[in-house]
Structures are given as C-alpha cells and as structure tokens.
Amino acid sequence: MGMCVMDFPRRGDWGSRPGSPGWRMGCPGSRWLWLCTLRLLCIVPAGEPVQRGDRDTNAGFPKAMDNVTVRQGDNAVLRCAIDSGVTRVAWLNRSSILYAGKDKWATDPRVVLLTNSKTEYSIEIQGVDVYDEGAYTCSVQTHNHPKTSQVHVIVQVPPQIVNISNSISVNEGSNVTLLCLAIGRPEPVVTWRHLSPPVRGFASEDEYLEITGISKEQAGDYECQAVNEVSSPDVRKVQIIVNYAPYMSDGRSVGAAVGQKGILRCEAFAVPLAEFEWYKEEQRLSNGLNGVQIKNIDGKSMLTFFNVSEEDYGNYTCVAINKLGFSNTSVLLFGPGAVQDHNNAPAGMTSSLWLLVIIFVHFLFKF
C-alpha cells in the first residue's frame with residue numbers, strides 16, 4: 001500500500017471546509033479540486049478490508065452491519081461500529097463520498113447523518129428507491145492505517161401489474177391468449193384464475209393464458225395475480241365474452257278453454273341475446289294483431305292469447321335469432337277435449353319444411 005504524505009488537519013478540524021482555518025494546506029486557484037481530491041484519498045482512502053487478525057489485535061476497526069434489506073419507499077439506516085482508536089470516519093457509496101465526519105458531501109437531501117459518536121457512525125437514506133441499491137463503505141482512519149467495511153443495501157419492490165390484456169368479445173371456438181406482465185423485486189409470480197363459474201384452481205401459472213377453441217362455459221371474469229414476498233398481491237381482472245348461436249330449452253304445450261287466457265312460452269340461451277319471432281304454420285305473428293301479444297324479456301318470450309278461440313288452437317313455432325345463427329322449438333295450444341299428450345313438444349320440431357326455409361331466408365336478410 002503506497003504512502004500519501006500530506007499535512008492533515010488537526011483532529012478537531014475534520015469537519016472544516018476547504019479554506020477554513022482548520023485546513024492547514026490551502027487549495028487555491030485551479031489546483032483546488034485536484035489537491036482536495038488527493039487530500040481526501042489520503043484521509044478516506046479505499047483502504048483494505050478488515051482481516052480477522054486486525055479485529056483481534058488492532059483498535060479502531062470499522063464494523064458495518066449486515067446487509068440491509070429495505071422496501072422501496074422506506075428508510076434505510078446504515079450503521080458502522082467504531083471505537084476510540086478511530087481518528088476520522090466517512091461513508092461512501094461507490095466512488096462518491098456521502099459524509100466525512102459531520103461534513104455532508106452528498107447533494108442528495110435524502111441522505112442524513114444520524115449518529116457521529118465514539119462508538120457509532122451511522123447515516124440514513126430516506127425514501128429508498130431501486131437506484132439506491134448497492135454497496136456502501138464505512139471508511140476510517142486509525143492510528144495505524146485506514147480500513148474499510150462494507151454493507152450492501154438490497155431494495156425490495158412490491159409487485160405491480162404494468163400490462164394486461166383488455167376485456168374481449170370472441171366467437172365460440174376461437175383461440176384466446178391473455179397477457180399479464182408484472183414487475184417487482186424479487187420477481188413476482190404471475191397466475192391466472194377463472195372466477196366465473198366458481199374458481200376451480202389456477203387456469204395458468206404463467207404470464208400467458210392460452211385457451212384453444214374457447215367454449216361458452218369458459219366465458220366470464222379472469223383474474224391475474226402478481227405475488228412476491230414484499231407486500232400484498234396486485235390483482236387485475238379481464239372479462240371474456242363468448243358469443244354463440246341460440247339454443248333453446250324444450251317448449252311446453254298449454255291447454256286453454258275457449259274464451260279464456262292462454263300463454264305460450266319459450267326460452268333461448270344466446271350471446272348476444274336472441275330476438276324472438278312466433279309463427280303459426282307458415283304465418284308470422286305480429287304483436288297486437290288478432291288479439292295476441294308478444295313480450296320478450298331477458299332471453300324469454302311469451303305469446304299471450306287474451307281470448308282464446310277455436311281458430312287459435314294448433315301448433316306454434318318460437319324462433320330465436322342472433323348474428324351467429326338461429327334455433328326453434330314448437331309448442332301446442334290445445335283445447336280441453338284434446339286426447340293427445342300435450343305435456344311436452346319435441347324441441348326443434350317445426351310445422352313444415354317450408355317454415356324452416358322462411359326462417360333461414362329471414363335470418364340471412366336480417367344479418
């Protein structure tokens with residue numbers, strides 16, 4: 001280790017600034033920066049690591065704390081244990097001097113001096129961010145020679161989802177890929193979960209969720225969760241709407257006496273919601289004509305006869321239509337003297353092939 005011979009300030013003058021009476025060597029003119037830098041290298045050199053032998057035989061060695069793990073935004077305290085053999089002390093970050101004795105060299109207002117005693121020299125970094133991570137050095141001057149001790153600051157960052165797919169609408173049978181990107185330190189674990197229908201475990205333990213040939217049962221809300229050990233998970237949701245053609249439950253035939261009220265009902269499951277049409281034989285029925293009313297609410301349709309006549313008895317076809325297709329079912333309005341079983345009519349039954357042709361042509365022109 002080379003020797004640096006300079007006229008050091010007296011022990012009580014360590015905190016004095018260049019140019020003050022305590023600095024016995026001036027730094028005039030353009031030579032100021034070079035001379036003062038050289039002087040600091042002598043006072044607070046890079047030093048040599050403390051060896052076990054030095055700790056046992058020499059007083060005044062610095063002993064920094066173990067590595068400091070701190071959450072982003074919190075304060076980090078760096079402590080250095082010293083003793084009476086220390087004549088000068090400083091904290092450094094990489095090649096920059098933060099504090100030398102009571103003198104602050106760091107321009108960052110977040111760095112403050114906490115303790116400057118005969119047994120401890122400590123500083124605090126307020127509002128720690130990721131760029132504060134790294135090695136910090138406690139450097140001391142003893143009666144023998146300069147020595148150093150290091151502490152490493154580790155900054156932890158809570159998980160944060162920074163990019164996630166938008167909610168989407170797709171047709172049944174399509175392939176779907178959802179993306180969820182998250183940051184954090186340690187790196188967060190990202191998982192996908194299907195929330196509706198009720199959760200059945202993870203849909204994917206990865207940033208990507210891939211669904212091949214999506215079905216209507218796979219529609220609903222999907223939750224992305226980013227987790228690490230720093231804080232509570234970051235959670236975001238994406239909705240997948242699956243469009244599909246209508247399918248209908250079985251129609252139920254109804255009996256009604258002449259002069260009484262009769263109601264025929266049908267129901268269709270579809271996304272988007274289906275529109276309904278009613279037919280008797282090949283004739284399409286209109287709301288309000290011939291004493292009938294058609295009312296559609298939330299995937300259900302009702303055909304109401306307020307005053308049933310003999311002419312009203314017969315087979316009726318309910319048709320559900322959306323942009324992806326159509327479906328139909330037949331129901332029977334019958335009188336009290338009918339002898340056939342009217343409890344259930346086969347789903348999908350139509351009055352004639354000609355009616356199917358009419359429905360199909362109407363669907364093509366509608367969409």
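Biologist: Is the disulfide of Cys 180 and Cys 224 left-handed or right-handed, and what is the torsion about its S-S bond?
Modeller: This is a predicted model, so what I give you is computed from its atoms. A disulfide joins Cys 180 to Cys 224, with S to S at 1.9 Å, and it links strand 13 (residues 176-185) to strand 17 (residues 220-227), the two cysteines being 44 residues apart. The handedness follows from the torsion about the S-S bond, so this disulfide is left-handed, at about -80°.

Biologist: Which strand holds Cys 318, the partner of Cys 266?
Modeller: Cys 266 and Cys 318 form a disulfide with their sulfur atoms 1.9 Å apart, and both cysteines are buried. The pair links distant parts of the chain, 52 residues apart, with Cys 266 in strand 20 (residues 262-271) and Cys 318 in strand 25.

Biologist: What is the angle between the planes of Phe 305 and Tyr 316?
Modeller: A search of the whole structure finds three aromatic pairs, and Phe 305 and Tyr 316 form one that is edge-to-face, 5.4 Å centre to centre. Phe 305 lies in strand 24 (residues 300-305) and Tyr 316 in strand 25 (residues 314-322), and both residues are buried. Planes count as edge-to-face when they are over 60 degrees apart, and for this pair the angle is 65°.

Biologist: Which strands stand at the edges of the open sheet, and why is one side of each left without a neighbour?
Modeller: Five strands form this open sheet, in the order 19-26-25-21-22, and their pairing is mixed. Strand 21 (residues 275-280) pairs with strand 22 in the antiparallel sense over two bridges, and Tyr 279 stands opposite Arg 284 in strand 22. One side of each edge strand is left without a neighbour in the sheet because each has a single partner strand, and these edge strands are strand 19 (254-255) and strand 22 (283-284).

How values were computed:
Residues numbered from 1 in each chain as written. Predicted model: local features only at pLDDT ≥ 70, side-chain atom pairs only at ≥ 80, totals over all residues. Heavy atoms only, no water. Phe/Tyr/Trp six-rings, centres within 6.5 Å; stacked < 30°, edge-to-face > 60°. Helix = DSSP H or I, 4+ residues; strand = E, 2+ residues; numbered from the N terminus. Buried < 20%, exposed > 50% of the residue type's maximum accessible area, 1.4 Å probe, protein only. Pairing = 2+ DSSP bridges. Disulfide = S-S within 2.5 Å.
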